[in-house]
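Please view the sequence and the structure below before reading on.

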2 protein chains.
Amino acid sequence: MKILQVFSLISTLLATSEVPDLNIPNQIHLHSQDLHISNQIHSLRPLSGSCSHDIPGLSCSSWRLAVETNNIIGWTTVPEECENYVGNYMLGQHYRNDSKVVADVALAHAKSMNLTGDGKDIWVFDVDETTLSNVPYYASNGFGTTPYNSTLFNEWVKEGKAPALPESLKLYKNLLSLGIKVVFLTGRREHTRNSTATNLKEAGYHTWEKLILKNSTYYSEVEYKSNERKQLEENGYRIIGNMGDQWSDLLGTNAGIRTFKLPDPMYYVS
Amino acid sequence: MKILQVFSLISTLLATSEVPDLNIPNQIHLHSQDLHISNQIHSLRPLSGSCSHDIPGLSCSSWRLAVETNNIIGWTTVPEECENYVGNYMLGQHYRNDSKVVADVALAHAKSMNLTGDGKDIWVFDVDETTLSNVPYYASNGFGTTPYNSTLFNEWVKEGKAPALPESLKLYKNLLSLGIKVVFLTGRREHTRNSTATNLKEAGYHTWEKLILKNSTYYSEVEYKSNERKQLEENGYRIIGNMGDQWSDLLGTNAGIRTFKLPDPMYYVS
């Protein structure tokens, strides 16, 4: 991970952003420890654009909502004019707050369930932007404004240095303590199994029932994940909850008793 | 419609809101003509809370995103501490921008379709908070913070004075010009047919293929709407698009080629 590049880009972001001083209390700071980025970056504040009304033309806030609600689909890159907006969103408190609410609702759901204790209650987690965060990678790659580069991204994956999304890690620990087993179901390919497993463990996900990676070419992520969930249910597992950052993690068949959509305005997986 | 009550409440909102002067350009004003509320209210600005980070404890912005993404379900009232937030959201530019993006995406989808011209291409619209706006009603009823009151709401419906949601009306006109017929599918009951039909016409929706109202007790809105859409398809109609403000408008069977979720942080219909 080229940390210097991140610093450079964030400096550029800060320098070029048209930020009127909103006189907002300094509650917004980078959770540097959580995301393994130096805590020298502590002055990052939301652009006025993060409130949606100061960007002429496209409202990046409305674009983001339309993405999160699955209204805008099949997109390949974040609109260029929203790079600062998305960067500020991802690095600031907003993304974390949004993730926390989802994790809290998910835990409340899990606690409300009548669990059997037979070891067949499972929780399905996606990996990227769900349990692990690729924010350090995307911070040095335009926050999704440049097309997906599989070579670069695979290099990053091989490093195995993605931090945990803290809210998901907390949920994971709570689920385990409730007696729910965890299945990771990811679009990452089989050849990344070692680095993914190592990364998960180092990030704090020490145990799991299964780590399912993609080993053949499916028509779509929905088909792949539906098929894998079907097999889980055929093997007697009950999917108490299913959590992902993409709608393709949650749509299709055998979706689970409830699904939970984490925010991700950086990329779209169909 | 008791306009004075609305004024009174909005004055209260403005008086009680803890609004630091954000020095935001005065781009936020009530679209008074669109919503049939006097244009004397022009100084309404977003609370700092509308950016999510100035509300201690609950983040109303994160709560709203979780509602819009169907993570928070089965809720009966807006959290009390979010009344000002939701009020400002609904009356300001934010709600309108969010709606506009959805309508724009929906129109682009409709234009991309190979339409047959045989009169069987239809668009399914929900009514409340989709084609008609009940913002005047909710503005005098706590913006969803008080429990649903069917007596009061039915009185409002009988008045037939709900304005059009402007973005949906524009979409409606564009769809008609593409040769797509419109079906209104609403949870409103059969006994409101006259006032609903009159209201739709007066708001600018002059023609439709069908206006379907609820005439029996279904287990849920999803079941009711799925069943009605199934009947439409069995009658040879093709549902080019399906638009609503509730996930129960869009989930279930026979959902249409694509679904579009309009924002609505004021209430939840299961």
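## A serine and its surroundings

Leaving aside residues up to four places away in sequence, B:Ser226 touches B:Leu251, B:Gly252, B:Thr253 and B:Asn254. These contacts, like every feature in this report, come from a predicted model. B:Ser226 itself is found in helix α10 of chain B, which covers residues 221-234.

Is B:Ser226 buried or exposed? Its relative accessibility is 7%, and a residue is called buried when this value is under 20%; B:Ser226 therefore counts as buried.

## The largest pocket

The element that gives the most is β5(A), with 4 residues.

## The sheet of chain B

Chain B contains an open sheet of 5 strands, arranged in the order β3-β2-β1-β4-β5 with parallel pairing. The strands at the edges are β3 (210-214) and β5 (259-261); each has a single partner strand, so one side of each is left without a neighbour in the sheet. From one strand to the next, the twist averages 20°.

One pairing may be examined in detail. Strand β1 of chain B (residues 121-125) and strand β4 of chain B (residues 238-244) pair in the parallel sense over 5 bridges. Within this arrangement, B:Val124 stands opposite B:Asn242 in β4(B). Helix α5 of chain B (residues 93-112) packs on the sheet and touches β1, β4 and β5 of chain B; the direction of α5 makes about 170° with that of β5(B). Helix α8 of chain B (residues 166-177) also packs on the sheet, where it touches β1, β2 (181-189) and β4 of chain B. The direction of helix α8 makes about 170° with that of β1(B).

## The disulfides

How many disulfides are there over all chains? The count comes to 2. In chain A, a disulfide joins A:Cys60 to A:Cys82, with an S to S distance of 2.1 Å. A:Cys60 lies in helix α3 (residues 60-68) of chain A and A:Cys82 in the loop between α3 and α4 (83-91), so the pair ties together parts that are 22 residues apart in sequence. The torsion about the S-S bond of A:Cys60 and A:Cys82 is about -90°, and the disulfide is therefore left-handed. Both A:Cys60 and A:Cys82 are buried.

In chain B, the sulfur atoms of B:Cys60 and B:Cys82 are 2.1 Å apart and form a disulfide. B:Cys60 belongs to helix α3 (residues 60-68) of chain B, while B:Cys82 is in the loop between α3 and α4 (83-91), so this pair ties together parts 22 residues apart in sequence. Why is the disulfide of B:Cys60 and B:Cys82 left-handed? The reason is that the torsion about its S-S bond is about -90°. B:Cys60 is buried, with a relative accessible area of 0%, and B:Cys82 is buried with a relative accessible area of 0%.

Notes: Residues numbered from 1 in each chain as written. Chains lettered and ligands numbered in written order. Predicted model: local features only at pLDDT ≥ 70, side-chain atom pairs only at ≥ 80, totals over all residues. Heavy atoms only, no water. Disulfide = S-S within 2.5 Å. Helix = DSSP H or I, 4+ residues; strand = E, 2+ residues; numbered from the N terminus. Buried < 20%, exposed > 50% of the residue type's maximum accessible area, 1.4 Å probe, protein only. Pairing = 2+ DSSP bridges. Axes fitted to C-alpha atoms, helices over the stretch in contact; angles between N-to-C directions. Contact = heavy atoms within 4.5 Å.
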